[in-house]
Amino acid sequence: MMHALWLVPAFPLLGAAILMLSAGRLAPRAIALIAVLPCAASAIVAITIAIGFITAPPPGHAFSQILWQWVAIGGFDPAIGLYLDPLSLVMMLVVTVVGTLILLYATEFMAGDEGYNRFFAYMNLFVAAMLVLLLANDLLFLYVGWEGVGLCSYLLIGFWYQDAANGLAARKAFIVTRVGDTGLMIGLFVLFTHLGTLDIQPLMHRAVLAWPHGSNIASLAAALLLLGAIGKSAQLPLQTWLPDAMAGPTPVSALIHAATMVTAGVYLIARMHVLYALAPHVQMAVAAIGAATLFAAAVAALNQHDIKRILAYSTISQIGYMFLALGVGAESAAIFHFMAHAFFKALLFLAAGAITMRLEHHEHDIFRMGGLAKQLPVAFWSFLIGSASLAALPLVTAGFYSKEMILSETWAHGGAVPILWVAGVVTAFVTALYIFRAVFIVFFGEAKTPVVGHYGIRIMLPLTVLSVLAIVGGFVETPNGLGGVRLFSHFLSSVFGHVPLAASATETPLLVVASLVSLAGVALAWLLYLRPAPRFVAWAQTQAVVAWRNFFLSGWGFDWFYDRLIVQPFLYLVRINHSDVIDDVFTGIADGCRGLHGLLKQTQTGRIRWYAAWLAAGSIVTIAVAVIR
Amino acid sequence: MTTVPFGQLLILPVLLFALGVLGVLARRNLVFILMSIEIMLNAAGLVFIIAGARWGQADGQIMFLLVLTLAAAEVSIGLALIIRIRARLPSLDSDAANLLQG
């Protein structure tokens with residue numbers, strides 16, 4: 001069964017090919033069928049492979065399948081091959097299952113759109129590219145998937161291209177991630193020139209043998225790969241593209257945030273964890289970037305009006321948690337949080353889409369919603385479950401177990417001043433606050449926008465399945481004090497060699513603190529936004545507070561800063577170089593030739609006697625020179 | 001019989017050649033220019049004969065016969081060109097035939 005692995009990325013690729021080649025000649029029902037079936041088939045194959053993998057693990061807990069040789073030039077012979085180990089298995093399962101649910105949802109959500117066919121062609125390509133990225137056994141093949149998701153995100157963010165703002169958002173996403181991609185590419189060059197291969201497993205063995213712990217070259221390679229991961233995963237300082245990426249249709253946002261694209265950076269670092277273990281400074285930087293990002297993005301999320309932008313900043317923040325976990329060497333915690341996040345963030349986005357599609361004018365502003373709990377019960381319960389999981393409400397949600405695991409691992413790594421842990425805990429509080437702010441404002445209070453339409457089964461089913469997953473998905477890994485189930489980290493232990501934390505005295509207090517901060521966040525949101533005290537409302541309107549709120553609304557002014565730092569100087573250079581200095585050189589050569597031509601032209605008088613005179617003079621001079629020498 | 005020194009013998013062809021050059025440069029009538037070219041050719045032929053006599057070789061006279069045939073051919077082409085120019089421009093002025101000026 002393991003040998004059917006190649007079918008997993010092949011099915012969505014085939015789906016994309018059929019949809020692209022049909023060029024809109026298919027009926028919408030056929031398109032919907034071709035859109036969902038390949039992904040569902042991938043998911044089924046992936047689940048079958050997973051069952052086979054768990055019941056009868058292949059030797060070394062890894063299976064690799066070489067499809068064919070890409071090219072062979074001297075010592076450079078990258079293969080197109082797939083590599084399956086517990087890490088890529090978990091990612092593959094999440095991507096195919098969540099991807100299928102999102103595609104099913106999208107078939108109804110996008111109904112009637114004139115680009116129906118195009119949309120699903122891109123979506124299938126997106127899933128295929130992400131699967132290539134996850135399953136590649138070679139960094140070069142991984143890079144194909146890496147650029148593939150970049151391309152598809154560009155195509156899908158700018159899907160409604162008639163609006164120029166959407167095109168701008170798409171270009172911004174593409175260009176900002178490109179900064180990171182360039183780093184990744186240089187990183188690949190460094191790895192290849194020093195270690196002579198890009199095949200991931202031999203590469204890791206050679207790195208351990210060739211590079212001592214903490215060597216400069218290992219740090220350089222790790223830092224360059226980190227730059228790629230930062231760009232793709234929207235971490236500081238390359239996070240600015242993600243909030244604008246909300247210009248795409250909601251299922252696209254769900255796919256980008258939950259299953260594909262932004263988790264690619266997390267996967268890359270987890271996949272290359274041996275390299276990061278060799279570069280402790282860079283690994284510390286991963287944790288620091290994660291901690292800074294998760295806090296900054298959570299504060300920005302607290303000040304957004306647009307329901308999708310709240311979720312976008314929330315994704316940046318949650319990926320920050322994953323980076324934090326990677327940085328403290330708790331890769332299995334990062335992947336666990338990735339899984340939980342995929343479930344609840346897909347759920348939140350699909351629920352948000354379910355809300356906006358039922359409101360008049362597809363309203364996105366949470367302050368123009370209100371009282372929707374009664375009118376949209378399905379969306380309400382889905383959003384509530386997703387929010388509870390995001391806010392890590394204790395015991396019943398997947399997000400609680402994954403976030404708790406990250407926080408306790410961070411504490412164990414912490415040292416004397418556990419500043420990373422403090423950032424994580426404070427942000428857990430802010431997370432609960434901002435997401436329940438959205439819940440209370442959107443679903444309670446008085447109705448402000450009329451509700452139209454109804455839901456079909458293709459909307460209800462994904463929401464239900466994801467709601468269940470967002471709750472039970474966490475029970476595969478629980479802390480020692482709560483049963484001590486360690487299925488997830490045991491499964492991943494063959495990849496990371498990381499043992500779960502042993503029971504310790506600090507564990508229970510940490511658990512209590514983590515539970516209390518999230519409950520406190522919900523309670524504060526209830527106090528501030530459901531029954532706001534007049535003093536709070538007045539305070540929120542004072543000038544200084546409004547200035548700060550606008551600052552956070554703009555995402556800490558990063559767009560403004562980059563505009564001044566890069567865009568404006570670039571435009572200035574473009575303006576002063578309007579006539580094109582480089583081109584002037586070549587125009588100058590042409591002008592010089594033309595001038596010389598003008599001079600020489602003067603000698604062409606057409607008078608035969610002048611020519612004869614020149615001939616005679618030339619002869620005399622030539623003979624004179626010959627005679628005198 | 002007195003022999004004229006070789007150096008003095010060359011004076012005539014040099015003068016003839018100089019006259020021919022002057023004729024080409026100074027004359028504007030194409031027929032006269034053609035005639036001046038003939039004079040230069042004959043000056044060159046004369047040098048061949050003088051050199052042949054000086055070194056007692058027949059080559060000089062053979063070369064002169066060659067120059068003569070060459071001059072005949074050249075004159076026929078030159079006259080044909082002059083007739084064509086005369087037909088095209090109603091003039092034999094060489095300065096008027098400056099259509100190729102840059």
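The legends below describe close-up views of a predicted model.

**Figure 1. Helices H6 and H7 of chain A at their crossing.** In this predicted model, helix H6 (residues 164-195) of chain A and helix H7 (residues 200-210) of chain A have axes that come within 11 Å and cross at roughly 65°. H6(A) and H7(A) are therefore roughly perpendicular to each other. The crossing is left-handed. From H6(A), the residues Leu191(A), His194(A) and Leu195(A) meet Leu203(A), Arg206(A), Ala207(A) and Ala210(A) of H7(A). By class, the residues of this contact are five nonpolar, one polar and one charged.

**Figure 2. Helices H2 and H3 of chain B in contact.** The axes of helix H2 (residues 11-26) of chain B and helix H3 (residues 30-55) of chain B cross at roughly 160° and come within 8 Å. That angle makes H2(B) roughly antiparallel to H3(B). The crossing of the two helices is left-handed. On the side of H2(B), the contact includes Leu12(B), Pro13(B), Leu16(B) and Phe17(B); on the side of H3(B), the residues include Phe32(B), Ile33(B), Ser36(B) and Asn42(B). The contact of H2(B) with H3(B) has 15 nonpolar, four polar and no charged residues.

**Figure 3. The contact of chain B with chain A.** In this contact, 11 residues of chain B meet 10 residues of chain A. The side of chain B that touches chain A consists of six nonpolar, four polar and one charged residues.

**Figure 4. Helix H14 of chain A and the glycine that follows.** Helix H14 (residues 307-327) of chain A has 21 residues. From its first C-alpha to its last, H14(A) reaches 30 Å, close to the 30 Å expected at 1.5 Å a residue. Because 21 of the 21 residues of H14(A) are buried, this helix is largely enclosed by the rest of the structure. Gly329(A), which follows H14(A), has a positive phi, near 80°.

**Figure 5. The loop between helices H8 and H9 of chain A.** Most residues other than glycine have a negative phi, and most peptide bonds are trans. Ala234(A), in the loop between H8 and H9 of chain A, has a positive phi of about 55° although it is not a glycine. Ala234(A) counts as buried, with 30 C-beta neighbours inside 10 Å. Pro237(A) is found in the loop between helix H8 (216-233) and helix H9 (241-244) of chain A. A cis peptide bond joins Leu236(A) to Pro237(A), with omega about 0°.

**Figure 6. Ala392 of chain A in the loop between helices H17 and H18.** Ala392(A) lies between helix H17 (377-391) and helix H18 (398-413) of chain A, in the loop. Although Ala392(A) is not a glycine, its phi is positive, about 60°. Ala392(A) is buried, and 27 other C-beta atoms are within 10 Å.

**Figure 7. The surroundings of Phe443 of chain A.** Phe443(A) is found in helix H19 (residues 419-443) of chain A. With 25 other C-beta atoms within 10 Å, Phe443(A) is buried. Not counting residues up to four places away in sequence, Phe443(A) touches Leu372(A), Ala373(A) and Phe380(A). Phe443(A) and Ala412(A) are 31 residues apart in sequence, and from C-alpha to C-alpha they are 39 Å apart in space.

Note on methods. Residues numbered from 1 in each chain as written. Chains lettered and ligands numbered in written order. Predicted model: local features only at pLDDT ≥ 70, side-chain atom pairs only at ≥ 80, totals over all residues. Axes fitted to C-alpha atoms, helices over the stretch in contact; angles between N-to-C directions. Helix = DSSP H or I, 4+ residues; strand = E, 2+ residues; numbered from the N terminus. Parallel < 35°, antiparallel > 145°, perpendicular 65-115°, else oblique. Left-handed = near helix turned anticlockwise from the far one by under 90°. Contact = placed C-beta atoms within 7 Å. Nonpolar A, V, L, I, M, F, W, Y, C, P; charged D, E, K, R; others polar. Expected span 1.5 Å × (residues − 1). Buried ≥ 20, exposed ≤ 12 C-beta atoms within 10 Å, placed from the backbone.
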